[in-house]
Each structure stands twice: as structure tokens, then as C-alpha cells.
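Colleague: I have a few questions about this model. Can we start with the pocket?

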Amino acid sequence: MENILYQLFTNGYDITPKQDETQQELLRQILAEWNKIKQVFGCEFADHLRELETRREDWQNLHYYRSGFSLGIRLMLEIFGFTSGE
């Protein structure tokens, strides 16, 4: 059994999410489609499209992070008896 507190204490905890079989299969399918796009439209177009996708995903992840952080703070304030008046 893995002790998460010990892993955190020893800095051995890996926050990288593990991909399950479904995620791995979807990734294989996506890569196959990207190869088709590269063959039809060329590498420059495919690279530009992927760059735009990556930037969109980065903004989305930042939004999720901010929302999660805000929720965490609100929950902590609620636990300690502070309310926002909403």
C-alpha cells in the first residue's frame, strides 16, 4: 500500500495523471488523424493548427486551475466561519 503522506513528505509523490487504456487508445486515434491532416494539408498547416489547439488548452487549463483554487479558498473560508455574503 502506498502511503501518500510519506510520499508527500519525501517529495516522492508524482502529480502526473496516469492514462488508462481508453485515454491511450484515444491518443493513438488522434495521432493517426493528425498524420492524415499532415498528408493532406502539409506539416506547416498541421503544426499551426496544433499550436492553436495547445494555446486553447493552456487557457482552458488555467481557467480550471483558477476556478479550482477559488473554490478551495471559498471552502476554507466557509470552514473557518467566514462568509462572502452571497
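Modeller: The largest pocket is lined by Gln-19, Leu-27, Ile-30, Leu-31, Trp-34, Lys-38, Ala-46, Asp-47 and Arg-50. A pocket here is an open set of points on a 1 Å grid over the protein atoms alone, where a 1.4 Å probe fits, with protein on both sides within 12 Å along at least five of seven lines; lining residues have an atom within 4 Å of a point. This is a predicted model, where local features need pLDDT of at least 70, side-chain atom pairs count only at pLDDT 80 or more, and totals for chains, interfaces and linings use all residues. Residues are numbered from 1 along each chain as its sequence is written, and side-chain values use heavy atoms, leaving out hydrogens and water.

Colleague: Which elements give two or more residues to the lining?

Modeller: Helix H2 (21-41) and helix H3 (43-79) do, with H2 giving the largest share, five residues. Helices are DSSP runs (H or I, at least four residues), numbered from the N terminus.

Colleague: Different topic. Which residues make the nonpolar surface patch?

Modeller: Trp-59, Leu-62, Tyr-65, Phe-69, Ile-73, Met-76, Leu-77, Ile-79, Phe-80 and Phe-82 make the patch, about 1,200 Å².

Colleague: Is Leu-77 buried or partly exposed?

Modeller: Leu-77, found in helix H3, is partly exposed because its relative accessibility is 39%. Buried means under 20% relative accessible area, exposed over 50%, partly exposed in between (1.4 Å probe, protein chains only).

Colleague: And where is Asn-11?

Modeller: Asn-11 is in the loop between helix H1 (4-9) and H2. Its phi is near 60 degrees, a positive value in a residue other than glycine. Asn-11 counts as exposed because its relative accessibility is 71%.

Key: Patches are made of residues with over 30% relative accessible area and no salt bridge: like charges are joined within 9 Å, nonpolar side chains (Val, Leu, Ile, Met, Phe, Trp, Tyr) within 5 Å. Accessible areas come from the Shrake-Rupley method with a 1.4 Å probe; for residues, only the protein chains shown count as cover. A salt bridge is a side-chain nitrogen of Lys or Arg within 4 Å of a carboxyl oxygen of Asp or Glu.
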